[in-house]
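Open the model in your viewer and keep the selection panel at hand. The tour moves from one selection to the next.

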Amino acid sequence: MAGLNLLAAIVIYWNTAHLDEAVRQRQHVELTAEPELLAHILLTGEYRWPKRR
């Protein structure tokens with residue numbers, strides 16, 4: 001179980017670092033990174049989108 005926790009922590013760290021880099025690159029070329037869209041990206045690598053009605 002401890003190994004899975006470590007793996008999850010590594011994935012979250014990796015995703016955080018790369019998401020930060022992606023946002024910085026977009027800002028560098030004057031593109032926005034909408035917080036509303038970023039809120040749907042979970043650091044575990046899942047994407048959560050609200051269901052349309």
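How many salt bridges does a search of the whole structure find? The search finds one. The term means a side-chain nitrogen of Lys or Arg within 4 Å of a carboxyl oxygen of Asp or Glu.

Before selecting, note that this is a predicted model: local features need pLDDT of at least 70, side-chain atom pairs count only at pLDDT 80 or more, and totals for chains, interfaces and linings use all residues. Residues are numbered from 1 along each chain as its sequence is written, and side-chain values use heavy atoms, leaving out hydrogens and water.

**Select R24 and D20.** Their side chains meet in the salt bridge, 2.8 Å from N to O. Both sit in helix α1, four residues apart, so about one helical turn separates them. D20 is partly exposed, at 36% relative accessible area (buried is under 20%, exposed over 50%, partly exposed in between; 1.4 Å probe, protein chains only).

**Select M1, L4, L7 and V11.** These residues make a nonpolar surface patch of about 440 Å². Patch members have over 30% relative accessible area and no salt bridge; nonpolar side chains are joined within 5 Å, like charges within 9 Å. M1 lies in the segment before α1 (2–28). M1 is exposed, at 77% relative accessible area.

**Select the whole chain.** Look for two helices and zero strands (DSSP runs: helices H or I, at least four residues; strands E, at least two). The C-alpha atoms fill a box of roughly 40 × 35 × 10 Å along the principal axes. Of the 53 residues, 4% count as buried.

Terms used: Areas by Shrake-Rupley, 256 points an atom, 1.4 Å probe, with all protein chains shown as cover.
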